[in-house]
Amino acid sequence: MERLREADPGIHWVDEGDRGSGYWAVTRHAHVKEVNRRADVFSSGHSGAQMRDLDPNRTVSGSARHPTLVDMDPPRHTRYRRLVNRGFTPRMIGLLEDYLQNRTDIILDNVVERGHCDFVRDISAELPLQAVADVMGIPVEDRAKVCDWSNALIGRADPEFIKTREDILRAAAELFGYSHELQTERRSTPADDIITTLLAADVDGEALTEAEFDMLFLLLCVAGIETTRNAITWGMMAFFDFGDQWEKFVADPDRHMETAVEEIVRWSTPVLHFRRQALSDYELGGVRIAVGNKVVFWHAAANRDPRAFEDPWRFDIERTPNDHVGFGGGGPHYCLGASLARMEIRLMFREIAQRMPDIRLDGEPDYLRSNFIAGVKHLPVAYSPSPPYGTASLPRLGSAAGVSGTVGYGGHVERGAS
């Protein structure tokens, strides 16, 4: 991607051979933002947001009527997004903070005494799972299953998660079956969660169908869990590679937190790319893109563009300004969970800085096999053991209401905080 970006004009035709129709690779920061913002020209709804071309006998999600939110164009996308936004208001996010602070404490309580752990399995995967599950009202005992389905759907090219195509279909079927169960339960017993909000709302005067709700449920589960856990993981790895930045952060987390969170998102860029289809002829950066052409814009390349970032290959927690495209480049598809993701990153790194200040790499990272998600499956780390909050009176950086006995990633039972 760097070679393509630095070769003028930074927009190049990629021949996919028998794997696809070919596409324009858009790699520079300014061009990525322009494509994002011109939804009137560059369509998500025409052929979906994934790089692969769809089977002409199928549509984005197997049904022309029920694409995911990322596979819609305005005005349909605008109406659905407005509906979903009701679960991600500043008030809702604020109400979550005390709960997620407590979840962060419990997650670290489970590992601080050991002196070593798998950072992904034991730390970074846990908080996004608990956050999304709580927003959506997923019961404690079901959260591990949701995480497993998410792993399977994102890791469809990775043999650790998927052995055959049937495994993918099974994971999707089980997730949709679970979605139907939740719908049935919430229709009979409403609760204060986004599922009840979605089921009670309407789009253009019509309530969401079961299939439409399924696609929203899929998107919120997969996108909410996978992206933030990888941002936290890549952020920790960046601190390992740039030890001076970790020392600076540990010395005063609150001073550096706001800019550090943005730099973690820029550096990690969990979603590598998205796809659009040109609805009309358009000139982008001096390149004529013809109607019907596929366009793939690369967040990962844009977030290392030296035209937008000074010394882009340096992880700098004081970087400002930091106009990254880690949450999208503006426009209608800007990440609706950005505020929640920022909160999770802030809570987790503040506690790690206090409770594991000497955390270090303790083996080789194991990367996800994917050209869509920049994923890390396992990250062995070590640190000096310390007592958990649950068994000792320690200074704390935050406060939260008590929560006990929840099931996390992999199905283990977490002990409650005192």
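**Sheet architecture and aromatic contacts in the predicted model**

In strand E2 (residues 23–26), Tyr23 and Ala25 point one way while Trp24 and Val26 point the other way, and all are buried. Here, buried denotes under 20% relative accessible area, exposed over 50%, and partly exposed the range in between, with a 1.4 Å probe and protein chains only. Strands (E, at least two residues) and helices (H or I, at least four) are DSSP runs numbered from the N terminus. In a regular strand the side chains alternate between the two faces of the sheet. The structure is a predicted model, in which local features need pLDDT of at least 70 and side-chain atom pairs count only at pLDDT 80 or more, whereas totals for chains, interfaces and linings use all residues. Residues are numbered from 1 along each chain as its sequence is written, and side-chain values use heavy atoms, with hydrogens and water left out.

Strand E2 is joined to strand E1 (residues 11–14) by four bridges, and these two strands run antiparallel; two strands are taken to pair if DSSP finds at least two bridges between them. Across this pairing, Trp13 stands opposite Trp24 in E2. E2 is also joined by three bridges to strand E10 (residues 294–298), with which it runs parallel, and Val26 stands opposite Phe297 in E10. An antiparallel pairing over two bridges links E3 with strand E7 (residues 273–278), where Ser43 stands opposite Gln277 in E7. Together the strands form an open sheet of five with the order E1-E2-E10-E7-E3 and mixed pairing. E1 and E3 stand at the edges with a single partner strand each, so one side of each is left without a neighbour in the sheet. Helix H2 (residues 29–37) lies across E1, E2, E3, E7 and E10 and runs at about 125 degrees to E10. For this angle, axes are lines fitted to C-alpha atoms, for helices over the stretch in contact (heavy atoms within 4.5 Å), and angles run from 0 to 180 degrees between N-to-C directions.

A search of the whole structure finds 16 aromatic pairs. Rings of Phe, Tyr and Trp (its six-membered ring) pair if their centres lie within 6.5 Å, and planes under 30 degrees apart count as stacked, over 60 as edge-to-face and the rest as tilted. One of the pairs is formed by Phe42 and Tyr282, which are edge-to-face at 5.2 Å centre to centre with 80 degrees between the planes. Phe42 belongs to strand E3 (residues 42–43) and Tyr282 to strand E8 (residues 282–284), so the pair ties together parts that are 240 residues apart in sequence. Phe42 is buried at a relative accessible area of 1%, and Tyr282 is buried at 15%.

Phe242 and Trp267 form another edge-to-face pair, at 5.5 Å centre to centre and 85 degrees between the planes. Because Phe242 lies in the loop between helix H10 (210–241) and helix H11 (243–251) and Trp267 in helix H12 (residues 253–268), this pair ties together parts that are 25 residues apart in sequence. Phe242 is buried at 16% relative accessibility, as is Trp267 at 12%. Both residues belong to one aromatic cluster, formed by Phe239, Phe242, Trp246, Phe249, Trp267, Phe315 and Phe349. The charged end of Arg304 sits over the ring of Trp267, 4.3 Å from its centre; this requires CZ of Arg or NZ of Lys within 6 Å of the ring centre and within 35 degrees of the ring normal.
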